[in-house]
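Hi everyone, thanks for coming. Let me put the structure up on the screen, and then we can walk through a few parts of it together.

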Amino acid sequence: MSTPTATPTKTVAELEAHADEQVVFQRPETLTSANFSYCPGCTHGVVNRLMAEAIDELDIKGRTIGVVPVGCSVTAYDFFDLDMAQAAHGRASAVATGIKRANPDSIVFAYQGDGDLASIGTAETVHAATRGENITVIFINNAIYGMTGGQMAPTSLPGQVTQTSPYGRDTKTMGFPIRVCEMLATLDGPALVQRVSVDSPKNIRQAKAAIKKAFSYQMDGVGYSIIEVISSCPTNWGLSPVAALDWLRENMLPYYPLGVFKDAGAAPAEAETEASHE
Amino acid sequence: MPNEKVLMKGNEVLAEAALRSGCTCFFGYPITPQTELAAYMAKRMPKEGGAYLQAESEVAAINMVYGAAAAGARVMTSSSSPGISLKTEGISYLVGADLPAVIINVMRGGPGLGGIQPSQADYWQATRALGHGDGHLIVLAPATVQEMADMVATAFALGDTYRTPVMVLADGMLGQMMEPVTLPEPLDLASIEDKPWALTGTGAPGRTTRNIANSLDLVAGNLERRNDERFERYEQIKAKEQRAETYLIDDAEYVVVAFGACARIARSGVERARAVGIKAGLIRPITLWPFPTTTIEAALPGARAFLSVEMNKGQMVDDVRLAVNGRAPVEFYGRTGGVIPTPAEVATALADLQQTVTAAGTKEA
């Protein structure tokens, strides 16, 4: 872990005035000074920060390229102090593939929501995974389309009321939610397939460890990683931030169990143990 | 061995010429009649140390192109008509993010699945509608396998200079045709200008700012400024990059306008018309966008009428009419669905045109 250093925005005088104080928490260098534009209580910001911390700690900021497609993360190029590509809806894994193949020394991540990754971009997702493309995919699953205002997502739960499932998701006509990790874990290509959550300090710490592991796998050439992050969308769920986290725990975690579904970098027994712990 | 002629298929020449132009990434998807190009790349690219990938779809392929172009690579994809339709979303993003790439369309008949025989029915799409939003691609149309060999290098160079995707619009006839060709000398990669805007990482040498490849701008005024800047570049392209070939044009009264393989047929048609006393000539647009309006303009003083000959239902004729702007009659002759016009048909169309124009002139007199 790198030693925390002063934020570049502070002047020398300011630093000297607080010379006796110890910095214990500050903005990661990989985040810009821009304020997040996410809604209050949204967990995107938490995940962005975890990614930035992981990139700082692995000392890969200078060679990391991020890809952000359409969705609430579409303007995330303002938040990461990295070279960034904005991508069309669903195409982030293909764009990340192009960047990685052109410059294999770059560390490339795709940051995608559930509509993007599991609906319009399903083909790009599955094929990047089965190719074992050496990229890191961070998948935000909040069971709803956030940016367009709360429509049904491929991961919306049975019975979930959204703008486009106003009577609840009827599985007879609207089908069932996709469990992306379980699906991708059947493939030979992926190196790391893990589902985490950011609903509690404990889970946030585990999410951070998973994200960091995913980036380190890419650095070591182990291959494709996907970290699914169970997230909340208070605005479009129509709940307060705290109630949204309760709803997440009560409804999403039973359908989307946390755990490691595949880990090519771990000893077989260890991977099994991790999954069984969750 | 330099300057040695080899016998090669058009599709393979496009691939070899790309490799010799510094193309290091190719992303494609099989479709007739261009598949030989991808197959050639699959064989050669790994040996050159570049990236070849058969994507899961045309949509994925063009987005891989977007990624590699953003990373600063010389990148190419190829397809045929229905596949190009799938690529248009990604092409629009390339335009919007000002990313250079070379896109090959070896046209087949349409609409829909159409057929696999040669066609020029994607002229409108190539020059008007390669994706949503305001924008153009430079569109180059080869007529011979040799021109295919030379044009790919031009396409990469133009793309880099103007930061725009470039389309090479061929057809199934050229793609499948074998002709003797002198391949271009491999480009010295050091001669390719640096791309300071490329996504190479903020830690790359000489970097002071971070780079973003992006077509999104939620502020109305900003987006308009970006569009204005792009269209200023288009004006420069129109002024500097129009290309056309002419044949027997100096005294031509009846001017055939035809592009690609069809222009070779039209050329024979012009010769046949000359043989029966019709003063015919040929303009072959090499850049379809920008359309060579200055060449049309130069032919106008002596021209009594224009005849656009195409393998479609009449698409480029729109651009001929815009260039002529009512100053002479503009007619069309074409065949579709894989039926190729013959020189005799072109000569007949010219004879008919002469008769019509003469009759109209007599009536007026």
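Let's start in chain B, where helix 1 and helix 2 are roughly parallel to each other, a label for angles under 35 degrees. Before going on, please keep in mind that this is a predicted model, in which local features need pLDDT of at least 70, side-chain atom pairs count only at pLDDT 80 or more, and totals for chains, interfaces and linings use all residues. Residues are numbered from 1 along each chain as its sequence is written, while chains are lettered from A and ligands numbered from 1 in the order in which they are written.

Back to our pair. Helix 1 of chain B covers residues 10-20 and helix 2 of chain B residues 35-48, and they pack at an angle of about 30 degrees with their axes 8 Å apart. The axes are lines fitted to C-alpha atoms over the stretch in contact, and angles run from 0 to 180 degrees between N-to-C directions. Helices here are DSSP runs of H or I with at least four residues, strands are E runs of at least two, and both are numbered from the N terminus.

How buried is helix 1 of chain B? Ten of its eleven residues are buried, so helix 1 of chain B is largely enclosed by the rest of the structure. Buried means that 20 or more other C-beta atoms, placed from the backbone, lie within 10 Å of the residue's own. Among the buried ones are Val13(B), Leu14(B) and Leu19(B). Just after this helix, Gly22(B) takes a positive phi of about 90 degrees.

Now look at strand 4 of chain B, residues 75-79, where five of five residues are buried. Val75(B), Thr77(B) and Ser79(B) point one way, and Met76(B) and Ser78(B) the other. In a regular strand the side chains alternate between the two faces of the sheet.

Finally, find the open sheet of eight strands, ordered 9(A)-7(A)-8(A)-4(A)-3(A)-1(A)-2(A)-9(B), with mixed pairing. Strand 9 of chain A and strand 9 of chain B stand at the edges, each with a single partner strand, so one side of each is left without a neighbour in the sheet.

Definitions and conventions
Parallel < 35°, antiparallel > 145°, perpendicular 65-115°, else oblique. Buried ≥ 20, exposed ≤ 12 C-beta atoms within 10 Å, placed from the backbone. Pairing = 2+ DSSP bridges.
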